[in-house]
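My notes on cavities and pockets follow.

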Amino acid sequence: MITNHLQKDGFKVGVIVNDQGEQNIDKIFLQQEINEVLDVKNGCFCCNLSDFIDSIDSLKDKVDIILAEPSGSCTDLVATVFLPLKNLNTEIVFLPFTVIVDPKKALRIFENDDETRYLFEQQLKEADLILINKIDLYENKIIIDAKEKILQYVGQKDMIDVCSIDEKYAHLWTGYIMNMPNNSKILKDINYDKYGLAEKSLAWFDASINIENKQELDTEQLLCNIAEQFLVNLNNLKVNIEHIKIYIFSEIGTAKLSITGNSSEDIRFDKKLPFEAKNFSLLISCRVKAEPLVIKDISIKILENTFKHSIMKWVKINAFSPNPPKPFVRKIL
């Protein structure tokens with residue numbers, strides 16, 4: 001949404017994405033629309049600060065604006081990324097720090113007094129702006145209730161209602177970040193033990209497979225079928241889905257689907273260009289609240305069941321829980 005809007009306004013845009021694993025579907029997806037896309041792998045920006053700085057140095061002379069998206073399980077970015085970068089490079093102008101919130105998921109997280117809620121609250125506390133996303137999906141009560149919970153647990157914050165797949169909302173976001181100062185709050189009293197437990201509670205699964213078929217398969221139907229199998233299997237085990245991304249690409253076309261919760265309304269196509277293909281590659285990235293072996297076994301079962309009549313070659317497969325965060329440097333002054 002925001003990248004297209006900024007480019008239409010004449011800005012050259014670069015993007016740096018980040019994930020805890022080796023594989024980054026967002027990078028591959030964004031490269032279809034943006035020339036300058038880099039990624040920081042195997043840990044968050046703060047723990048791989050030198051890689052993040054190298055990425056900025058690679059982009060800064062080519063673009064006007066760099067959008068950096070940290071891992072969804074990362075926080076304390078002001079002290080471990082913003083301030084160290086300001087000390088190193090005074091030419092960088094930091095725009096307001098934005099956190100995007102799914103209101104339905106926010107309400108679920110606020111119901112539990114656990115390490116995940118602690119992490120979520122820290123993420124919201126250091127934000128300049130909170131985008132309340134998916135207003136096209138949820139009734140107004142869910143959006144209002146989520147805002148009230150944020151006010152209750154985090155305090156007063158600037159918030160804007162958006163639908164991230166509808167570009168008409170982009171001007172609200174860009175209007176704010178281009179005209180307001182960066183006043184992100186330093187988390188002086190953050191508890192890194194709780195933060196580490198929150199990251200450890202999330203299991204990650206990444207896989208890449210090549211598929212060969214005798215007959216053409218409908219990729220839209222295929223992605224929907226895989227998504228529904230994940231919902232059934234994970235709901236049966238009462239496992240919360242944080243994010244599952246599935247990406248298909250071939251010489252003919254591409255398609256990307258995301259699952260951001262445990263109901264059918266949480267299934268959404270990020271890129272829906274239906275096509276039929278015999279041979280293609282499939283990437284999958286899962287983040288769920290479970291043990292790594294659980295999501296690995298479920299994912300393998302679903303994919304092998306889906307492609308039982310195909311030739312399926314595993315290219316990469318990895319399941320893990322992130323290591324405790326160990327920032328390269330932390331500044332609170």
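For sorting residues, I count Ala, Val, Leu, Ile, Met, Phe, Trp, Tyr, Cys and Pro as nonpolar, Asp, Glu, Lys and Arg as charged, and the others, Gly among them, as polar. I am working on a predicted model.

Entry one: the cavity. I looked for cavities of 30 Å³ or more and got a count of one. The largest cavity holds about 50 Å³ of space.

Next I listed its lining. Asp19, Trp204, His243, Lys245, Ser285, Cys286 and Arg287 line the largest cavity. By class, I find three charged, two polar and two nonpolar residues in this lining.

Which strands each supply at least two residues of that lining? I find strand E8 (241-249) and strand E11 (276-288). E11 gives the most, with three residues.

I turned to the second largest pocket, with a volume of about 310 Å³. It is lined by 15 residues. Closest to the pocket centre I noted Asn213, Leu217, Leu222, Thr306 and Ser310.

Then I checked the elements. Strand E7 (203-218), helix H10 (219-236) and helix H11 (292-306) each give two or more residues to the lining of this pocket. Which element provides the largest share? I find that E7 does, with five residues.

Last, I sorted the lining of the second largest pocket by class. Nine of its residues are polar, three are nonpolar and three are charged.

How values were computed: Residues numbered from 1 in each chain as written. Predicted model: local features only at pLDDT ≥ 70, side-chain atom pairs only at ≥ 80, totals over all residues. Heavy atoms only, no water. 1 Å grid on protein atoms, 1.4 Å probe; cavity = no way out; pocket = protein on both sides within 12 Å on 5 of 7 lines; lining within 4 Å. Points joined across faces, edges and corners; volume = space filled by probe spheres on them. Helix = DSSP H or I, 4+ residues; strand = E, 2+ residues; numbered from the N terminus.
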